[in-house]
Amino acid sequence: MGLKEETIQIVAQKFGPHSAKKFEDIANQHNPDNDPKGFLDASINYLSKVLGPITAKKFFSPLYEKYAGGTP
């Protein structure tokens, strides 16, 4: 399973399957295979609008560490 699939799975578990669409759109703009940091930054930016920046960073922190080699 890759970054996009893990992201969609985690988001869908937390917010429901309808939420995956936005992250599909983000993946179309920032290819997770070629630009994992860009994809995760855009995902964090989007989720920050809903949950706030601190919670969004915590939400994506494990994926950020795994795929982007650092912390958000």
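**Exercise 1. The loop residue S19**

Decide from its relative accessibility whether S19 counts as buried or exposed, then place S19 in the chain and list the residues that S19 touches.

*Solution.* 
Step 1. The relative accessibility of S19 is 13%, so S19 counts as buried (buried is under 20% relative accessible area, exposed over 50%, and partly exposed in between, with a 1.4 Å probe and protein chains only). The model is a predicted one, in which local features need pLDDT of at least 70 and side-chain atom pairs count only at pLDDT 80 or more, whereas totals for chains, interfaces and linings use all residues. Residues are numbered from 1 along each chain as its sequence is written, and side-chain values use heavy atoms, leaving out hydrogens and water.
Step 2. S19 lies in the loop between helix 1 and helix 2 (helices are DSSP runs of H or I with at least four residues, numbered from the N terminus).
Step 3. When residues up to four places away in sequence are not counted, S19 touches V11 and A12 (contact means heavy atoms within 4.5 Å).
Step 4. S19 and I8 are eleven residues apart along the chain, and 8.1 Å separates their C-alpha atoms.

**Exercise 2. How helix 3 lies against helix 1**

Describe the angle between helix 1 and helix 3, their relative direction and the residues through which they meet.

*Solution.* 
Step 1. Helix 1 covers residues 3-15 and helix 3 covers residues 36-51; the two pack at about 15 degrees, and their axes are 11 Å apart. Axes are lines fitted to C-alpha atoms, over the stretch in contact for helices, and angles run from 0 to 180 degrees between N-to-C directions.
Step 2. Helix 1 and helix 3 are therefore roughly parallel (under 35 degrees is roughly parallel, over 145 roughly antiparallel, 65 to 115 roughly perpendicular, and the rest oblique).
Step 3. From helix 1, L3, K4, T7 and F15 meet P36, F39, L40, L47 and L51 of helix 3.
Step 4. This contact of helix 1 with helix 3 consists of seven nonpolar residues, one polar and one charged (Ala, Val, Leu, Ile, Met, Phe, Trp, Tyr, Cys and Pro are nonpolar, Asp, Glu, Lys and Arg charged, and the others, Gly among them, polar).

**Exercise 3. The nonpolar core and its surroundings**

Identify the residues with the most contacts inside the largest nonpolar core, then examine F39, F23 and S43.

*Solution.* 
Step 1. The largest nonpolar core has 17 residues, and F23, F39, L40, L47 and F60 have the most contacts inside it. Such a core is a set of buried Ala, Val, Leu, Ile, Met, Phe, Trp, Tyr and Cys residues joined through side-chain atoms within 4.5 Å.
Step 2. Helix 1, helix 2 (20-29), helix 3 and helix 4 are the elements that each give two or more residues to this core.
Step 3. F39 is located in helix 3 and is buried, its relative accessible area being 0%.
Step 4. Beyond four places in sequence, the residues touched by F39 include L3, T7, H30 and P32.
Step 5. F39 and F23, 16 residues apart in sequence, have a C-alpha to C-alpha distance of 9.0 Å.
Step 6. Not counting residues up to four places away, F23 touches T7, I8, V11, F39, S43, Y46, L47 and F60.
Step 7. S43, also in helix 3, counts as buried at 0% relative accessibility. Its contacts, neighbours within four places in sequence aside, are F23, I26 and F60.
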